[in-house]
Amino acid sequence: MNRIRQLKKELGEKYLFERLLSVREVKKLFEQDMGKFSAQVIQSMTAGCVKIELCVYAQNGKPCLGYDVFVKDCPDSSEWICYDSPNDPGSFREEDMLAVLDRVVQENRLSYTECCFEKLDGKIFEKKTAAATFGDRDRL
């Protein structure tokens with residue numbers, strides 16, 4: 001059984017491959033002035049508690065394809081945490097993306113189904129408003 005089918009069977013709806021831009025659209029991005037360019041996600045693969053995105057970004061004024069890998073601190077969390085940006089050459093093939101993701105998961109002892117991190121509760125900051133003082137303005 002190939003690896004994609006295996007993960008789809010194991011993860012069900014928690015496996016999702018999305019192509020956000022066509023190859024033609026990406027070629028147009030590569031023709032843009034990189035000075036005005038911001039990174040853009042081309043495709044995304046979610047596999048349970050880990051996700052990999054193929055992005056186009058500018059490096060030294062030239063367009064490049066690369067990956068970003070994300071993890072969750074809790075399997076049911078809606079938020080993703082950027083974990084790694086492997087140096088593998090970018091590919092539009094789902095199989096190639098999964099191969100990179102599999103390698104990162106294995107090398108870092110991550111899991112597709114379980115959280116590998118201690119949940120950290122952050123601080124909640126309240127927005128404080130500054131009191132307006134008009135007396136100073138009247139003295140001018």
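Analyst: The account below begins with the helix and then turns to the sheet.

The model is predicted: local features need pLDDT of at least 70, side-chain atom pairs count only at pLDDT 80 or more, and totals for chains, interfaces and linings use all residues. Residues are numbered from 1 along each chain as its sequence is written, and side-chain values use heavy atoms, with hydrogens and water left out.

Helix α3 comprises 14 residues, 94–107, and its first and last C-alpha atoms lie 20 Å apart, close to the 20 Å expected at 1.5 Å a residue. Helices (H or I, at least four residues) and strands (E, at least two) are DSSP runs, numbered from the N terminus; the expected span is 1.5 Å times one less than the number of residues. Within α3, the residues E94, M97, L98, V100, L101, D102, V104 and V105 are buried (under 20% relative accessible area, 1.4 Å probe, protein chains only). These buried residues pack against α1 (3–11), β1 (15–19), β2 (40–47), β3 (50–59), β4 (62–71) and β5 (81–84), where contact means heavy atoms within 4.5 Å. Just after α3, R109 adopts a positive phi of about 55 degrees.

The five strands form an open, antiparallel sheet in the order β1-β2-β3-β4-β5, pairing being assigned where DSSP finds at least two bridges between two strands. At the edges stand β1 and β5, each of which pairs on one side only. The antiparallel pairing of β1 with β2 extends over five bridges, and L16 stands opposite T46 in β2.

Notes: Buried means under 20% relative accessible area, exposed over 50%, partly exposed in between (1.4 Å probe, protein chains only).
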